[in-house]
Amino acid sequence: MATGQLFSRTTQALFYNYKQLPIQRMLDFDFLCGRETPSVAGIINPGAEGFQKLFFGQEEIAIPVHSTIEAACTAHPTADVFINFASFRSAAASSMAALKQPTIRVVAIIAEGVPMSDTKQLIAYARSNKKVVIGPATVGGIQAGAFKIGDTAGTIDNIVQCKLYRPGSVGFVSKSGGMSNEMYNTIARVTGGIYEGIAIGGDVFPGSTLSDHILRFNNIPQVKMMVVLGELG
């Protein structure tokens, strides 16, 4: 497990299984935060190659589409986050393929219901190779003013209301992605706001635990307060 900060303003990701809305939300967040480069370096869509047109602010940009994980990692060696929107049927195999790429450091698995035996293998491989798995069954995570995964924190209106366009000083980790949005808002109203927020996912065996991230926050000097939101049952 990583011992410090996972993301920064220069972090770039590879997005597996093209979904327009979460990618566009990432790009809208990038523009709002004043990033110079989009956080989505490339899209992996098995069997397809070319470019996908999206917007970075008012400018239309073309993001490369690759047919394999290996090709995408070769083409974008600085992209170290893998955002996996595959279904529960194929999420484990594609996540393992990503973890085995030397350039990938963090894998976020959005699908819920990934077979537990497969998840355990992913966890074991990630821990032995000092990589991070967020999920399965996660909405992802965010570093305020820097980088966000997919649909994390919802719409731009919500991001502005929760002051996630600039860094705060609270390290937040939750089991629930849906409740995270409510807590981002609450934290923004009573503190300086979020520095980093992670939803570990609702499946039985999360790739990283609440305590993993709390221990990691302890090594980030900018984090002055930690908030944990668990679930009973």
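I began with Phe15, which is buried at a relative accessible area of 1%. The model is a predicted one, and I kept that in mind throughout.

**Entry: Phe15 and its ring partner**

I looked up the strand that holds Phe15 and found strand 1, residues 13-16. Its ring pairs with that of Phe85, and I noted the pair as stacked, with 4.8 Å between centres and 20° between planes.

Phe56, at 9% relative accessibility, is buried, whereas Phe31, at 48%, is partly exposed.

I found an open sheet of seven strands in the order 3-4-2-1-5-6-7, with mixed pairing. Which strands are at the edges? Strand 3 and strand 7 (132-134) are, each pairing on one side only. From one strand to the next I noted an average twist of 25°.

I went through several of the pairings in turn.

- Strand 3 (residues 50-56) and strand 4 (residues 59-66) run antiparallel and are joined by seven bridges. Here Gln52 is opposite Ile63 of strand 4.
- Strand 1 is joined to strand 5 by four bridges, and the two run parallel. Phe15 faces Ile83 of strand 5 across this pairing.
- Strand 5 also pairs with strand 6, again in the parallel sense and over four bridges. I found Val81 opposite Val106 of strand 6.
- Strand 6 (residues 106-109) runs parallel to strand 7, with three bridges between them. Val106 stands opposite Val132 of strand 7.

I went back to the hairpin of strand 3 and strand 4 to look at its turn. Two residues lie between the strands, and Gly57 has a positive phi near 70°.

**Entry: strand 5 and helix 3**

Are the side chains of strand 5 buried or exposed? I listed Val81 and Ile83 as pointing one way and Phe82 and Asn84 as pointing the other, and all of them are buried. I then looked at what helix 3 covers. Helix 3 lies across strand 1, strand 5, strand 6 and strand 7, and it runs at about 170° to strand 5.

**Entry: nonpolar cores**

I turned to the nonpolar cores. The largest has 32 residues, and the members touching the most other members are Phe7, Val40, Ile83, Ile134 and Phe147. I took Ile134 as an example and listed its contacts, leaving out residues up to four places away in sequence. Among them are Leu6, Phe7, Val106, Val107, Ala108, Ile109, Ile149 and Ile198.

**Entry: Thr119**

I looked up Thr119 and placed it in helix 4. Thr119 is buried at 4% relative accessible area. What does Thr119 contact, leaving aside its neighbours within four places in sequence? I found Val114, Pro136 and Phe205. I also checked Thr119 against Asp30: their C-alpha atoms are 31 Å apart in space, and the two are 89 residues apart in sequence.

**Entry: helix 7**

Last I examined helix 7 (residues 210-217), where the buried residues are Asp212, His213, Arg216 and Phe217. Viewed down the axis of helix 7, these fall within an arc of 130°, so they line one face of the helix. An α-helix has 3.6 residues a turn, so residues three or four places apart point the same way. I then asked which elements the buried residues of helix 7 pack against. They pack against helix 4 (116-128), strand 10 (170-174), strand 11 (194-199) and strand 12 (225-229).

How values were computed. Residues numbered from 1 in each chain as written. Predicted model: local features only at pLDDT ≥ 70, side-chain atom pairs only at ≥ 80, totals over all residues. Heavy atoms only, no water. Pairing = 2+ DSSP bridges. Buried < 20%, exposed > 50% of the residue type's maximum accessible area, 1.4 Å probe, protein only. Arc of directions from axis to C-beta. Contact = heavy atoms within 4.5 Å. Phe/Tyr/Trp six-rings, centres within 6.5 Å; stacked < 30°, edge-to-face > 60°. Core = buried A, V, L, I, M, F, W, Y, C linked by side-chain atoms within 4.5 Å. Axes fitted to C-alpha atoms, helices over the stretch in contact; angles between N-to-C directions.
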